[in-house]
Amino acid sequence: MRKTMLRCVVGVLLSMLLAGCAREAAAPAVHFFAEGQPPTLAEWNLLRVADGRLKLNAGVVPYDLNTPLFSDYAHKLRTVWMPQGQAAQYRADDAFDFPVGTVFSKTFYYPRGAAGGDAVLRSADEGPDLRGGGLELAKVRLIETRLLLRRKEGWVALPYVWNAEQTEARLMRGGALISLSLVAADGQREAAEYQVPDQNQCAGCHGIDMKSKALQPIGPKARHLNRDFAYDDGLNNQIARWTRTGYLRGAPAAAVAPRDANWRDPKANLDARARAYLDINCGHCHSPKGPGNTSGLWLDAATREPMRLGRCKLPIAAGKGTGDFRHDIVPGRPDESILLYRMRSDDPSVMMPELGRSVVHTEGVRLIRDWIAAQQGQCG
Amino acid sequence: MSKQIPAFALAAAAALTAGCGPEQPQHTATAQVAAGDAAFAERFRTRLLDAKPGEVIEVPAGRYTFDRSLTLRVDGVTIRGAGPDKSVLSFKGQKAGAEGLLVNASQFTIENLAIEDSKGDGLKINEAQDITIRNVRVEWTGGPSTKNGAYGLYPVKTRNVLIENSVAIGASDAGIYVGQSRDVIVRNSRAEFNVAGIEIENTVNADVYDNVATNNTGGILVFNMPALSQQGGAIRVFKNKVFKNNTANFGAKGTPVASVPAGSGMVVNSNDDVEIFDNDISDNATTNIIVSSVYSTGYKDDKAAKDFDPYPERISIYGNRLSGGGDSPDGFDLKALKTAIYGLNGRFPDVLWDGYANKALKDGPQICIRDVSGVINADGPGGYKNPSQDLTSHACSLPKLPAIDLKRG
């Protein structure tokens, strides 16, 4: 608590956090477990259920990404916390270099529809609505909170699954399947087998270097974070905010830092939107060092060579994932492109990504379809 | 070339209706196992999470059902069952995950168990070394189907790999597939009713011996594909039984193996330094041995080909016992070629070469062939217009490749 108070007193945090500190003077500080696997999320004291809301404890900073990973239309509340006096070191391209003791949390939730019951809304994630001091529990169905924590030996992932009463999230290292009914704006229902990954499967995405096998955060990179967030005290660029509150060192002005497109921004360049979408959804695996490197298809932000990005590229070990097509991307012909075919599938043996979704991301498919359709030329 | 793929498929369909279709697989009697402990499945998953190097995870006799993939990331672990017909990890009804078991860990041994009916690949081992797969059965129990998972046993980007006494049945791509790997032995194993029985792809230094490959679309394939991390070579295939690989191709079109004509015994494609000797190869209806380049599979990518050698070179075929086959090639082009040269009732000789060769190479392709009924150079580069049956250009010999030593003690 002293640490938290100190932060508040030195004015590192802004008014809403100050108010929070004052009001919840009894709340213990975030507890970083340097080892072990606490069986409940509550022990971390990162988030707390109070007054009908899921609230963030002092020093726990919410953030959002320009273009987020798709996970069965789940909405996500992302937070970062670092120990007193510690800060991440800015890096232009990779995830920032975070200090030991850093804890990321990502809470997956769905807005509840008017239908009630098991039905949840199938809607775009506009960012968490934290007005009033946290997520309003009556309006959302909490699914799971994943922690990614930086220990001395490296990053560790722990998945916690919320109970139906939304009072407690328990460690579920073996993962789980959760049946959901997604209701679209037009009333259409779609069944989803939402998968909580088991602890090993976290590495399916976060193990971005097959050789080292070390886990890495994916989202907290300059290009993903370089955007405004609706803090309690107003809109503020996240890189600037993290710098000002002492969570980030060495960052340039936001205006010159890399910045991914928002994939849903109709005013943004189509190529930039598609590349941002492919980078966050595919690039952690499909990169020179990632698990998907066996395919020779690299979709990370750094890759420039058209063939590596799939243009007229032959599939490798795709099995029936080819959909009877011959190239990953056929310029101008999205419906003959394996990349789009695998995005359009919900068959676990065909679909891409392999993990993290059980339904098709219709809007993402539309974006990539438009992107391929706009490409010129033909395959030899 | 893209037009040829439907032609192959049509020919396969025609063959089926004509009653020359695949025999049904003879299933191993897996129904005999004791009912599995439902709780074991979750315990097993947790043991994979918590495994320590050196640990042996036993799978007692029983059938254990998983609705999601399993993964292992800890080095030095052994997974050991009570026998491939006794301890069964079943993924029938799998709802999530692209593999049955995915391993990213070295010094890994898996033995004496079965993996059945995974949605995608059966056992995938990615970027690891010192791998032993012994007495493992991977099977899709419903018989050959395009809906089956792609690969049975699938080490990729691995080093020092031993696969022995294992069985792969029903893979819609390859039963035993070693890709982009180095120092590999596949022996005493059986591949049946897969599109490709055993496939060694973009792999350097492999010995494939004492295996049985039958009832696949293609028996044993040695392939190189463009645009990958390494080009393969130095592969010895010997003492195998490769017969009646006449199952209609049920691979998804667009996969390289979908271009393999049904009835292919052995196929060497765009690979260098391959030695094929002392095998029993018989009754493969297209032909017993095919030597080809990526050009005639239709999977060459112009842009990727810059640093890729598409031509098979230094291929040595000798001392095999060959019989039958070549009498009913799959696909319109091959059927027409066979009929034109050998007549309606004739048959292809033991070796079919597509004829693509690098003209700039001083010594030629050095495809050295002995002890065969004949060879046909299909004249792929000339549009299949002037096929040749000249054996004299193949009357050469090459130094023998060294045996693979995995240095396992």
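Chain B of this predicted model contains three helices and 30 strands. Colour the chain by accessibility: of its 409 residues, 63% count as buried. Among the contacts in chain B between residues at least 6 apart in sequence, 64% join residues at least 24 apart.

Select residues 38-50 of chain B, which form helix H2. Its buried residues are Phe40(B), Ala41(B), Phe44(B), Arg45(B), Leu48(B) and Leu49(B). Now display strands E1 (56-59), E2 (62-65) and E3 (68-72) of chain B, which are among the elements covering those buried residues. The cover also includes E4 (78-81), E5 (87-90) and E6 (96-103) of chain B.

Keep Phe44(B) selected and show its surroundings. Leaving aside neighbours within four places in sequence, Phe44(B) is in contact with Ile57(B), Val59(B), Phe66(B), Leu70(B), Ile79(B) and Leu89(B). Phe44(B) also belongs to the largest nonpolar core, a set of 67 residues. Together with Ile79(B), Leu101(B) and Ile110(B), Phe44(B) is listed among the residues with the most contacts inside that core. Apart from this core lies another, of 54 residues, including Trp44(A), Val60(A), Phe104(A) and Leu147(A). In soluble globular proteins, nonpolar side chains tend to be buried together.

**Helix H3 of chain B**

Move to residues 332-342 of chain B, helix H3, where Leu334(B), Leu337(B) and Lys338(B) are buried. These three residues lie on the same side of H3(B), because they cover an arc of only 95° around the axis. Then turn the view to the face pointing away from the buried side, which carries the exposed residues Phe332(B) and Ala340(B). Step past the end of the helix to Gly343(B), which follows H3(B) and has a positive phi, near 85°.

Lys157(B) is a residue other than glycine with a positive phi, near 55°. To find Lys157(B), select the loop between strand E10 (151-156) and strand E11 (159-164) of chain B. Is Lys157(B) buried or exposed? Its relative accessibility is 18%, so Lys157(B) counts as buried.

Next, select Gln366(B), in the loop between E28 and strand E29 (367-369) of chain B. Here too phi is positive, near 55°, in a residue other than glycine. Gln366(B) has 26% relative accessibility and therefore counts as partly exposed.

**Crossing helices in chain A**

Turn to chain A and select helix H6 (residues 270-282) and helix H8 (residues 362-373). Their axes come within 9 Å and cross at roughly 130°. That angle makes H6(A) oblique to H8(A), and H6(A) passes H8(A) in a left-handed crossing. To see the contact from the H6(A) side, show Leu270(A), Asp271(A), Arg273(A), Ala274(A), Arg275(A), Tyr277(A) and Leu278(A). From H8(A), the contact is made by Gly364(A), Leu367(A), Ile368(A), Asp370(A) and Trp371(A).

Then trace back to Pro353(A), which is placed in the loop between helix H7 (338-344) and H8 of chain A. A cis peptide bond joins Met352(A) to Pro353(A), with omega about -10°.

**Two further residues of chain A**

Select Pro39(A), in the loop between helix H2 (15-23) and strand E1 (47-50) of chain A. At 39% relative accessibility, Pro39(A) counts as partly exposed. Which residues does Pro39(A) touch, not counting those up to four places away in sequence? They are Tyr160(A), Ala169(A), Arg170(A) and Leu171(A). A distance drawn between the C-alpha atoms of Pro39(A) and Tyr160(A) will read 8.3 Å, although these residues are 121 apart in sequence.

The tour ends at Leu225(A), in helix H4 (residues 222-225) of chain A. Leu225(A) is buried, with a relative accessible area of 0%. Beyond residues up to four places away in sequence, Leu225(A) touches Tyr63(A), Asp64(A), Leu65(A), Phe96(A), Gly219(A), Pro220(A), Gln238(A), Ile239(A) and Trp242(A).

Terms used:
Residues numbered from 1 in each chain as written. Chains lettered and ligands numbered in written order. Predicted model: local features only at pLDDT ≥ 70, side-chain atom pairs only at ≥ 80, totals over all residues. Heavy atoms only, no water. Core = buried A, V, L, I, M, F, W, Y, C linked by side-chain atoms within 4.5 Å. Buried < 20%, exposed > 50% of the residue type's maximum accessible area, 1.4 Å probe, protein only. Contact = heavy atoms within 4.5 Å. Helix = DSSP H or I, 4+ residues; strand = E, 2+ residues; numbered from the N terminus. Arc of directions from axis to C-beta. Axes fitted to C-alpha atoms, helices over the stretch in contact; angles between N-to-C directions. Parallel < 35°, antiparallel > 145°, perpendicular 65-115°, else oblique. Left-handed = near helix turned anticlockwise from the far one by under 90°.
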